[in-house]
Amino acid sequence: MLSIFQRMGRAVLDALRGMGRMGTFFATSLYWTVKPPLKFGRVLRQISFIGSKSIPLIVLTGGFTGMILGLQVYYTLRKFGAEAYLGPAVALSLIRELGPVLSALMITGRAGSAIAAEIGIMRISEQVDALESMSLSPFRYLMTPNLIASLFSFPLLGAIFNVVGIYGGYIVGVRLLGLSSGTYFSGIQDFVEMGDVTDSLIKSACFGIIVFLVCCYQGYYTRHGAEGVSRATTTAVVMASTLILVWDYFLNSVMI
Amino acid sequence: MSRYSVEVSVGIFVLVGAIALGYLSIKLGKLEVLGGGGYNVVAEFDDIGGLKAGSNVEIAGVEVGRVTGIALDNYQARVTIRMNAGVELQDDAIAAIRTKGLIGEKFISITPGGSEDIIKDGGKLRETESAIDFEKLISNYVFGKV
């Protein structure tokens, strides 16, 4: 009987400790981010890894998301005889919701998992300890470049996703389903406002922080060898994806 | 990967991203980067209905400017319009608030006048026509004021 309560208490305490460690981890990363000197070469390398190399993936997923939206929304709008609003419907759902969220999920799968695994392997092969023993901060070499690169790459990738998606919707709506291209684009211009675009960017930046935080944290606190690395990577991806959707809801309820 | 190719790939990424961002905010979000040419005109309405800052201003259905500000002045709505450069307005032009379709958004439709005098920057459109209020219209009809 006692052991059940013990286990419950242990679980609660572990969860609390995890949250606390994550908070301290984030605060330490922020501290090392604002503290010069910045490892600019490493920042560039991470932007290249998280950003540049994700472009093909983002273009592909963005294009198909826009095309699916074009098809689905056209099908729905036709029931009301409101096909003319296909453009705004596609553009607003992309810019306000799907662009930031889907691009963040794709980057989590591509780059987030790799970051968690890389730092995890450095941890279990004691390279992180080696850095510390040379009195070099692992935060300056590993975390800060990732944080800056995520903050920088996510909004840009989100914007690329939106634009490609809008043109994907254009291909389906205008080229395949025969809407006029003037209706499509002028509708978008009438209904999309600057506020929608900035909301989209803010969301992307927030998701960038979440993905960085979860993936680096999981990698940094990896234990127990190869199995630990695999567990850290899986947890990082699952947790980051879930947090993106949860955080998305709260951000939306504040923004709308 | 050498430092050079890393920098090139980051450069490509930033360029593509900046183009996408610029397209979203300038083309779609209507962000005014350049104040550009153009001039301001003021018009006073009794009732502007659902007109908002950013609404279109049209002559013969062609967009010639945007509403930039709405304020209350002596219990009348004072609307500031930014007209595109090259579009001239006579001082007896009529500004009317119209609706796109039945439930569409409000815009200002300007009917050119015949006067010789052209409105200058900061000038005022004297002739205005308020938004049509459907409920008022119906109540006028029902209570026999038409």
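**Close-up views of a predicted two-chain model**

**View 1. Two helices of chain A crossing.** In chain A, the axes of helix 1 (residues 2-34) and helix 8 (residues 194-220) come within 10 Å and cross at roughly 110°. Angles of 65 to 115 degrees count as roughly perpendicular, so helix 1 of chain A sits roughly perpendicular to helix 8 of chain A. Which residues make the contact? Look for A:M22, A:F25 and A:F26 on helix 1 of chain A, and for A:L213, A:Y217 and A:Y220 on helix 8 of chain A. Sorted by type, the residues of this helix 1 to helix 8 contact come out as six nonpolar, no polar and no charged. Keep in mind that what you see here is a predicted model.

**View 2. Chain A from end to end.** Step back from that crossing and take in the chain around it. How many helices and strands does chain A have? There are nine helices and zero strands, so reading from the N terminus on simply gives α-α-α-α-α-α-α-α-α. Along the principal axes, the C-alpha atoms of chain A fill a box of roughly 65 × 55 × 30 Å. Chain A has 256 residues, and 44% of them count as buried. Now take the contacts in chain A with a separation of 6 or more: 87% of them come from residues 24 or more positions apart.

**View 3. Strand 6 of chain B and its partners.** Over in chain B, strand 6 (residues 106-111) pairs with strand 2 (residues 56-59) in the parallel sense, over two bridges. To find your way along this pairing, spot B:V57, which stands opposite B:I108 in strand 6 of chain B. Strand 5 (residues 94-99) of chain B is joined to strand 6 of chain B too, this time by six bridges, and these two strands run antiparallel. Here the pair to look for is B:T99 and B:K106: B:T99 stands opposite B:K106, which belongs to strand 6 of chain B.

**View 4. The two domains of chain B.** How is chain B divided up? The domain assignment gives domain 1 (1-31) and domain 2 (39-140).

**View 5. Where chain A and chain B touch.** This last view brings the two chains together. Chain A puts 22 residues into the contact, and chain B puts in 18 residues. On the side of chain B that touches chain A, the residues split into 11 nonpolar, four polar and three charged.

Key. Residues numbered from 1 in each chain as written. Chains lettered and ligands numbered in written order. Predicted model: local features only at pLDDT ≥ 70, side-chain atom pairs only at ≥ 80, totals over all residues. Contact = placed C-beta atoms within 7 Å. Nonpolar A, V, L, I, M, F, W, Y, C, P; charged D, E, K, R; others polar. Pairing = 2+ DSSP bridges. Helix = DSSP H or I, 4+ residues; strand = E, 2+ residues; numbered from the N terminus. Axes fitted to C-alpha atoms, helices over the stretch in contact; angles between N-to-C directions. Parallel < 35°, antiparallel > 145°, perpendicular 65-115°, else oblique. Buried ≥ 20, exposed ≤ 12 C-beta atoms within 10 Å, placed from the backbone. Domains from an automatic or database assignment.
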